[in-house]
Amino acid sequence: MALGADFEVTNGLREFKLKNKSKELNDRIVKRSSYFKTVEQTFTDYFHIIQKNRTRSVNQYLTHWIYPYKGKFHPQMIRALLNIIGLKEGDTVFEPFSGSGTTALEAQLLDINFIGIDISPLCVLQGKVKTKSVYVIDEILKLKNTLLSKLKPSLFNQEHDFYKVLKDIENEDVRDFYTLARLLAVSDTVRRGRAFEQSFIKNLNLMIDSVKDYKEITDKLHLRLGDINLQEGDSRKIGLPGNSIDGIITSPPYSIALDYVENDAHSLEDMGYKLNEIREDFVGVRGKGKERVELYNNDMVKNNFYKIAA
Ligand SMILES: C[S@@+](CC[C@H](N)C(=O)[O-])C[C@H]1O[C@@H](n2cnc3c(N)ncnc32)[C@H](O)[C@@H]1O
């Protein structure tokens, strides 16, 4: 309906019969829909996109899988929501708690511009790597072997201070890519007891394959990609100019289910952050028992530019 179709559901909820047929409508459904496989024998873009999946989960296609972030949106649902709230090519969607970057990537695929804020530097890094690496895949590939030989201490090459090596990479998006590859291995080592070096190489290769997939599908489907603007910050202090966004998608922090700092403690520390210091600005899990909800509500209005009226 959001795409302008008048239809009847048939075949035990498996198919839709279009009542208002036109080439324009078919093309729109092919280009923008979520979940549908075909429109009158033509495979949808969505169907082509989800074939590019390096994981066993149907929700983790293209670069969505990169980094094990708990509590992500299902990307298909976001693609559908972008249509349902009526965003078109060239419009801008805003996400005040942008998390792992699911909305960023889905908006980008639909040529919708994205502005996102998250307080966690690790989240912002994830969103950037998922959406920006596609533009620098050639540089990423060019650097791979040199970097691996520098990072792997050997008789001939002793330089293995990872962050020191990364500092020399000029292009920020390439540097971000290799930083997240490291953090993925850090997470694998801590959470699953994997050996660091093997995990790093395996994940790095998988990440590269996923970015190549993204590039390939963009070319094959002639996708124009939306602009991505991801920033680290406190969304209670947003200073966006008037009329700069056309829609909002949001999933605020959990009040009791997830402690974001604790959950990613190893990676945040590896990035050089002091957990107690950055925790201060996170909305979320504080206190015990019943007081948690009250503390959460206080957190939500704390620091707010626009105080909510009583
Ligand atoms: C439920 S998650 C969002 C998940 C996201 N929709 C996704 O698909 O990955 C909520 C996010 O809010 C962020 N957050 C917590 N306090 C914040 C604050 N004061 N300003 C901005 N983001 C904050 C957390 O870091 C977390 O990533």
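This is a predicted model: local features need pLDDT of at least 70, side-chain atom pairs count only at pLDDT 80 or more; totals for chains, interfaces and linings use all residues.

I started with where the ligand is, and it sits in the largest cavity. "Sits in" here asks that more than half of the molecule's atoms lie within 2 Å of the grid points. A cavity is a set of points on a 1 Å grid over the protein atoms alone where a 1.4 Å probe fits but cannot get out; a pocket is an open set with protein on both sides within 12 Å along at least five of seven lines, and lining residues have an atom within 4 Å of a point.

Numbering runs from 1 along each chain as its sequence is written, and side-chain values use heavy atoms, with hydrogens and water left out.

**Ligand shell.** I looked up the neighbours (a heavy atom within 4 Å) and got 26 residues around the ligand, with Tyr69, Ser100, Thr102, Asp118 and Val283 the closest. The shell splits into 12 nonpolar, eight polar and six charged residues. For the classes, Ala, Val, Leu, Ile, Met, Phe, Trp, Tyr, Cys and Pro are nonpolar, Asp, Glu, Lys and Arg are charged, and the others, Gly among them, are polar.

A polar side-chain atom of Ser100 is 2.7 Å from a ligand oxygen atom, and a backbone N or O atom of Phe73 is 2.9 Å from a ligand oxygen atom. On the nitrogen side, a backbone N or O atom of Ile119 lies 3.2 Å from a ligand nitrogen atom. Taken alone the ligand exposes 610 Å², and the protein buries 100% of that (Shrake-Rupley, 1.4 Å probe).

**Cavities.** How many cavities of 30 Å³ or more does the whole structure have? The search finds two. I get 30 lining residues for the largest cavity, with Tyr69, Phe97, Gly99, Asp118 and Ser251 nearest its centre.

The largest pocket comes out at about 760 Å³. Of its 26 lining residues, Phe16, Ile29, Phe36, Thr38 and Val39 are closest to the centre. The second largest pocket is about 440 Å³.

Notes: A polar contact is a pair of N or O atoms within 3.5 Å; within protein, one must be able to donate a hydrogen and the other to accept it, and residues adjacent in sequence count only if both atoms are side-chain atoms. Grid points are joined across faces, edges and corners, and a volume is the space filled by probe spheres set on the points.
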